[in-house]
Amino acid sequence: MHTTVDIRVPLTPLSLIGTFLSALLTLRTNQGLSRLIEGRLAWGQLVLVARDTAQIINSSIYEKDKKLALLAARHLSIFGWLTKARLREEDDEDVIHAMLPSSDANFVIAHLKKPVAIISRVRQIIHNCAERNIINIAIQQKLEDNLTELNRITAMCERLKLSPIPPLYTSHTSRLLVFFLFFLPPALNVADMKRTSTVLCALAVGYAMLGLDEISHQLEQPFRLMPMQQLSSAVTRDVADVFLLQPPPLHSTTDLSGSYVMNQPSYR
């Protein structure tokens, strides 16, 4: 003879725990989303600043010293790849050797933070051009501001990677979730639901909450979710386009007063 033990747990206390659990899961997910948004904004800014820096170098240095301008462009073109490799703990030496001369490649590889080494090298090139009066103070300051912004973006990405959501918060939420799901089926017995309905309801609630918990875990490290391969390629393509696709030369004519005016196309 088989006996069935009918375990019942008061639903009201479990409902209060469910309220606290929902708040914890929501806060954790919101924190993860904010980290993802911050990472996406940082990389969008990285692409923009790298492109802007390449354009300024092309317009102000390339005609006067092509060798230094192209050397700076090579460094800028792999900045995204080196930042990606550091954030994802990948090997980046192949990219460095493919894009940089041997002396520069050895310099970058020797650094613990290779993106910072790229910034240091480009800053050295800019300082050299300023000393030789290739660029004026205004252009030098603008380029220095861009490199400082790249430094800030690098630090922001490192902060997101190295400072995750506090582990105590995560572990407490996980323990509370297990406790809630364990006592959910006995609590549903209080409502005199059929066993099939109880099982289905418990599975649905468990699926929703465990899924939300997993999403929050994934969002904790945004650089594992972002399309960093495509973003790094975008930096390389943008820098390459600036130097490979040179704008046409500007032509000017002199009017009778001696001032220079641009040639305007005729629409007649």
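Here's a short tour, from the overall layout to the core and the charged pairs.

What you're looking at is a predicted model. The protein chain has 268 residues, and 40% of them count as buried.

**Overall layout**
- Start at the N terminus and you'll run through the elements in the order α-α-α-α-α-α-α-α-α-α-β-β.
- Take the contacts between residues at least 6 apart in sequence: 76% of them join residues at least 24 apart.
- The chain's accessible surface is about 16,000 Å², with 62% of that belonging to carbon and sulfur atoms.

**The nonpolar cores**
- The largest nonpolar core is made of 51 residues, and W43, I57, I118, I135, L150, F223 and F243 have the most contacts inside it.
- Several helices supply at least two residues each to this core, including α1 (11–60), α7 (137–162) and α10 (228–244).
- The biggest giver is α1, with 10 residues.
- Apart from this core there's another one of 12 residues, with L21, L177, L184 and A202 among them.
- Setting aside neighbours within four places in sequence, F243 touches A54, I57, N58, Y62, A69, L70 and A73.

**A closer look at α2**
- Helix α2 has 12 residues and spans 16 Å from first C-alpha to last, close to the 16 Å expected.
- Its buried residues are L68, A69, L71, A72, A73, H75, L76 and S77.

**Charged pairs**
- Side chains of opposite charge can pair when their charged atoms come close.
- The model has 12 salt bridges.
- One of them joins E38 and R159, with the closest N and O atoms 2.1 Å apart. E38 sits in helix α1 and R159 in helix α7, so this pair ties together parts that are 121 residues apart in sequence.
- K84 pairs with E90, and here the closest N and O atoms are 2.6 Å apart. K84 counts as buried at 7% relative accessibility, whereas E90 is partly exposed at 34%.
- E149 and R152 also form a salt bridge, at 2.6 Å from N to O. Both lie in helix α7, three residues apart, or about one turn of the helix.
- Shared partners link R86, K113 and E158 into one network of salt bridges.

- V199, L200 and L203 make up a nonpolar surface patch of about 300 Å².
- V199 belongs to helix α9 (residues 195–219) and is partly exposed, with a relative accessible area of 47%.

Methods: Residues numbered from 1 in each chain as written. Predicted model: local features only at pLDDT ≥ 70, side-chain atom pairs only at ≥ 80, totals over all residues. Heavy atoms only, no water. Patch = residues over 30% accessible without salt bridge, like charges linked within 9 Å, V, L, I, M, F, W, Y side chains within 5 Å. Areas by Shrake-Rupley, 256 points an atom, 1.4 Å probe, with all protein chains shown as cover. Salt bridge = Lys/Arg side-chain N within 4 Å of Asp/Glu carboxyl O. Helix = DSSP H or I, 4+ residues; strand = E, 2+ residues; numbered from the N terminus. Buried < 20%, exposed > 50% of the residue type's maximum accessible area, 1.4 Å probe, protein only. Contact = heavy atoms within 4.5 Å. Core = buried A, V, L, I, M, F, W, Y, C linked by side-chain atoms within 4.5 Å. Expected span 1.5 Å × (residues − 1).
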